[in-house]
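Welcome, and please open the model in your viewer. We will walk through it one selection at a time.

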Amino acid sequence: MIHHKGKIALMLLLPTFAYLIVFIFYPLVDTCLLAFSNPAGPLENFRRIITSGEFWKTLRNTLVITGIVVPLQLILGLALALFVNLRFKGYLFILYIIAIPLALSDVSAALMSYSIFASTGFLNKLLMAWGWIERPLYFFGFRFQDRAFWVIVITEVWRATPLVFIILLAGLQAVNKEYLEAANVFGFSPWQKLWKIVLPILRPSILSALLIRTIFAFQVFGVIWILAGRDIPVLAGEAYYWQTVVYNSNISSAYGLIIAVVTILISWAYITFLKPKSFEEEAV
Amino acid sequence: MKRTLLFGLCLSLLLAVAFGQLNFVSTQFHPATEREYFEGSLLPDFVKLTNVKVQFLPLTYEEASVRLRAEQAANRVTIGLFAELQGGMELMASGGLLKDISGVTFSDRTFISTFEKYAHGYGIKQFVPWLQATFVMVINKKAFDYLPKGLTKEDVLKGTSKWTYQALLEWAKNIYDKTKMPMVGFPENPQGLFHRFLHGYLYPSFTGGQFVKFDSLDAVDMWAYLKELFKYVSPGSSTWSFMSEPLMRNEAWIVWDHTARIPAAVRADPEQYIPAPVPAGPKGRGFITVLVGLALPKNAPNEAEAVRLIDYLTSATTQFDILEKTGFFPVIEEAIGVIPAGPNKVLAEAVVAQAGAPDAMVSFIPGLGPKGGEFTAYYREAFRRIVYENEDIKKVLQDIAPKVYQTVKESGATLPQPDASLFH
């Protein structure tokens with residue numbers, strides 16, 4: 001009987017194993033093989049990337065974008081979640097409005113952003129109509145990288161904050177109202193309630209949101225590709241570029257592995273330093 | 001099983017030869033929609049007209065080459081007509097696989113002389129030009145209000161000797177001075193084809209070759225020119241892949257792109273967005289063309305039927321039909337006359353004017369295989385470092401040139417035009 005149950009369990013697990021082997025394990029192994037394949041030696045592709053001069057700029061851009069976008073999304077997402085969690089009249093309508101960008105792909109978001117900030121876009125038309133500027137302002141192109149950078153940040157924040165918002169709002173639903181009522185009895189200010197009760201309870205949700213958003217931020221390139229091309233190179237964009245434009249799968253795979261390693265390191269740091277402690281641990 | 005299949009194929013080919021069926025091997029028209037058009041519409045019309053049966057055999061260059069060599073070695077040639085790109089024809093002719101067809105002429109049509117020139121080689125006429133695809137300029141007619149002194153709209157549209165890169169620079173500067181807007185545009189995004197402009201247009205026009213003079217003094221002048229021109233190029237260029245969009249959004253007035261990437265604008269308003277030949281440089285009017293030709297293999301059977309098919313495929317009406325259905329442009333001057341007024345006509349006029357200009361200098365895309373991406377990446381790297389990062393031109397060219405030469409060498413590609421002509 002037990003033996004029979006084991007067989008059924010195995011059969012039920014088979015589709016998952018098949019999925020993992022075909023879509024995760026095989027591509028991963030193949031990527032590793034490609035990344036370490038070069039007639040000049042297994043590390044040649046990585047040496048070529050690191051000594052290219054482009055790599056450090058690419059890594060810096062990726063880290064800076066992640067370092068700005070993710071905290072901004074966290075702060076905005078938290079503020080919006082706390083606001084909607086007040087459950088005022090019509091809060092559901094606000095919730096849906098905030099969640100709209102979730103339905104957009106990064107390409108659509110970038111194109112919408114382009115139509116706002118292009119030289120013939122809505123913003124320039126508006127500013128010229130008001131007589132504030134005589135000629136259009138340029139936000140894109142190599143000479144305007146700084147402006148393009150901030151357009152990318154705005155687009156990414158707008159596009160992906162709703163994900164953080166949804167995760168944190170779900171976390172807020174789990175906050176036991178009795179804790180807050182007790183805090184009221186003890187005369188806690190709203191700030192103290194947030195800092196001493198809500199945020200510690202929300203810690204697992206914050207960790208999840210940070211993890212997901214950081215991993216995605218490292219993979220982001222659609223928005224950047226459309227709004228800046230390779231003027232602002234990022235790691236995922238370089239992987240795509242080497243595969244689809246230069247047709248060099250080895251360098252592209254090496255970039256893919258670098259992204260994986262950096263993401264794993266950052267995820268490890270998140271889990272290590274933000275891991276929620278149990279009450280027992282805190283008591284000790 | 002394999003043997004049976006092979007036997008069946010040989011038998012059918014032998015029967016075809018015995019009963020006068022023409023075997024037409026083509027490395028073109030392989031995509032489903034193009035093949036459907038070719039087999040479902042173009043060839044049946046020919047059969048109705050001539051009663052000549054044609055078997056269309058789509059093969060890759062490698063397959064066709066191996067088969068033709070084997071058939072000629074066995075002295076049993078079954079391929080009656082062969083369609084391939086100019087580069088492939090050159091290789092076939094170098095191996096003595098093609099018949100000299102200088103006697104095949106058609107009195108009612110004028111093939112563009114530039115293509116006729118490249119149809120010859122290795123002491124024979126290798127092929128009859130059939131189809132072409134290329135890159136051209138498209139100009140918003142507003143830009144014509146700012147033409148510099150000495151340059152007319154006619155010069156630009158006809159590609160006269162006055163339509164030069166220097167004139168383009170003066171034009172762009174004039175627009176900028178009057179409107180304070182940089183209105184020249186290129187598809188600089190990595191998905192765009194700007195690298196083709198660098199190696200297939202600017203380099204030949206200024207140095208006479210696509211890469212053999214990569215770090216020459218002429219190349220230094222060329223890059224200095226490009227730096228100057230980019231003062232008037234829209235900064236948005238680095239975000240553009242297809243130039244029809246910025247044209248229609250009024251972000252650029254003078255643009256360059258592939259003929260397959262601009263029809264949206266030209267079709268939207270052929271009177272507003274006008275295609276034109278590219279300018280000429282000190283060494284000529286360099287332009288990339290994808291040229292397809294029709295050749296007769298040596299000892300080919302059914303020669304009379306093959307010539308009738310060539311006659312049909314290069315006639316003005318067929319050339320127009322192919323343009324409408326596939327986007328390949330005509331190679332005979334008379335085709336313009338049968339295209340009704342509209343976007344196809346203005347596009348074809350520009351393409352034919354460009355190819356037919358007296359100073360036209362054809363660039364064939366080098367056959368670098370998987371090395372093609374690295375080759376073009378070096379041109380983009382030179383562009384970025386020189387134009388955007390303001391590095392010393394000579395230093396950048398001397399740094400990149402060995403890499404370009406090495407890439408070409410490793411690919412084993414033959415020297416493409418116009419580089420090859422520099423050594424003849």
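A polar contact here is a pair of N or O atoms within 3.5 Å; within protein, one must be able to donate a hydrogen and the other to accept it, and residues adjacent in sequence count only if both atoms are side-chain atoms. This is a predicted model, where local features need pLDDT of at least 70, side-chain atom pairs count only at pLDDT 80 or more, and totals for chains, interfaces and linings use all residues. Residues are numbered from 1 along each chain as its sequence is written, chains are lettered from A and ligands numbered from 1 in the order in which they are written, and side-chain values use heavy atoms, with hydrogens and water left out.

Start where the chains meet. Across the interface of chain B and chain A, seven residue pairs are in polar contact, both residues at pLDDT 80 or more. Now select helix α16 of chain B, residues 372–388 (helices are DSSP runs of H or I, at least four residues, numbered from the N terminus). This helix gives six residues, the largest share of the side of chain B that touches chain A.

Next, pick B:Glu389 and A:Lys57: they form a salt bridge, with the closest N and O atoms 3.7 Å apart. The rule (a side-chain nitrogen of Lys or Arg within 4 Å of a carboxyl oxygen of Asp or Glu) finds three salt bridges across this interface.

Finally, move to A:Glu156 in helix α7 of chain A, residues 145–173. A:Glu156 counts as buried because its relative accessibility is 2%, and buried means under 20% relative accessible area (1.4 Å probe, protein chains only).

How values were computed. Helix = DSSP H or I, 4+ residues; strand = E, 2+ residues; numbered from the N terminus. Buried < 20%, exposed > 50% of the residue type's maximum accessible area, 1.4 Å probe, protein only.
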